[in-house]
Amino acid sequence: MTRTNPSLAKASPAASSPDSPAPGGLCAIHQPNLFPRLTTLAKLFAADSWVVLDDVQFTRRDYQHRTRLAAMNDQERTQWLSIPTHLPRGRQTVISEALIVDADLARRRTESMLRQHYGASPYWSALAQALNSVSAAFETGRTASVAEASTRSLLDLVGWKGQILRSSELPARPGRSQRLADLTAAVGARQYLCGPGGMGYLDESPFFAEGIGVIPFLTPETSIWSSSRRVSALWALASLGPADLADRLRVLPGAQIALETAA
């Protein structure tokens with residue numbers, strides 16, 4: 001992967017975040033994950049807006065700084081890819097404040113592991129080009145920047161045209177569900193996409209008060225989805241190719257339900 005200066009790189013097509021988003025559409029709110037799992041990518045793909053939840057507490061041993069890479073010939077055989085991360089404020093450190101330990105070494109190790117796992121893919125050339133922005137993000141020294149860039153790169157590969165905004169730049173009141181409702185309203189969305197984990201704790205009343213619908217987002221559990229809650233979406237991209245995966249994301253039952261409900 002060729003390194004570029006992030007200050008000179010063009011913004012991702014998915015990152016066209018206007019000051020005043022157009023009203024309507026679906027919103028997904030998710031922490032920046034390193035090369036996100038296929039279930040996470042599918043939820044973001046189904047949304048019109050992704051709010052990067054970057055001002056909540058960083059959680060070690062989570063997907064904010066690591067991901068499972070599945071072997072090309074066996075998606076059940078996995079290896080962790082992690083970015084060594086320092087928390088300057090200890091447990092009180094929020095995601096946007098987390099710092100990479102030895103960013104240059106972490107970049108080189110990341111590039112090496114990705115090439116080792118997926119360099120034999122017939123789609124590696126397209127993958128490697130898209131991942132240039134991830135290599136550049138290491139120069140910021142911040143784990144969240146790399147994680148966000150990794151998600152942007154995968155969304156770009158499957159042709160997502162939504163907008164990306166950060167929670168740290170949007171107004172929201174305290175309280176877990178209230179905050180999510182306020183963030184959804186702040187981007188002008190009228191529907192909130194919620195994964196199965198979030199449905200377990202979500203209080204829908206703040207959303208209803210804002211006139212926002214809550215839509216559960218589910219994915220299948222067979223075929224490429226059998227390990228989709230554990231491994232990075234990189235495996236599906238390398239195995240199927242960006243165009244094929246994009247087609248599968250478009251006809252995903254969860255995405256269709258979300259779009260039909262929004263309509």
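Predicted model: local features only at pLDDT ≥ 70, side-chain atom pairs only at ≥ 80, totals over all residues.
Which residues in H10 are buried?

Residues are numbered from 1 along each chain as its sequence is written, and side-chain values use heavy atoms, with hydrogens and water left out.

The protein chain holds eleven helices and nine strands; helices (H or I, at least four residues) and strands (E, at least two) are DSSP runs, numbered from the N terminus. Of its 263 residues, 53% count as buried, where buried means under 20% relative accessible area, exposed over 50% and partly exposed in between, with a 1.4 Å probe and protein chains only. Contact means heavy atoms within 4.5 Å. Among contacts between residues at least 6 apart in sequence, 70% join residues at least 24 apart.

I return now to the opening question. In H10, the buried residues are Pro242, Leu245, Ala246 and Leu249. Seen down the axis of H10, they fall within an arc of 105°, so they line one face of the helix; the arc is that of the directions from the helix axis to the C-beta atoms.

What does H10 meet? Leu245, Ala246, Leu249 and Arg250 of H10 meet Leu38, Leu41, Ala42 and Phe45 of H1. By class, this contact has seven nonpolar residues, no polar ones and one charged. Here Ala, Val, Leu, Ile, Met, Phe, Trp, Tyr, Cys and Pro count as nonpolar, Asp, Glu, Lys and Arg as charged, and the others, Gly among them, as polar.

The axes of H1 (residues 38-46) and H10 (residues 242-250) come within 10 Å and cross at roughly 65°. Axes are lines fitted to C-alpha atoms, for helices over the stretch in contact, and angles run from 0 to 180 degrees between N-to-C directions.

Two threonines complete the picture. Thr184 lies in helix H6 (residues 176-186) and is buried, with a relative accessible area of 0%. Its C-alpha atom is separated by 6.1 Å from that of Cys27, 157 residues apart along the chain. Not counting residues up to four places away in sequence, Thr184 touches Cys27, Ile29, Ala189, Gln191, Tyr192, Phe207 and Ile212.

Thr143 is found in helix H5 (residues 143-157) and is also buried, with a relative accessible area of 1%. Beyond residues up to four places away in sequence, Thr143 touches Phe58, Gln64, His65, Ile83, Thr85, Ala98, Leu99 and Ile100.
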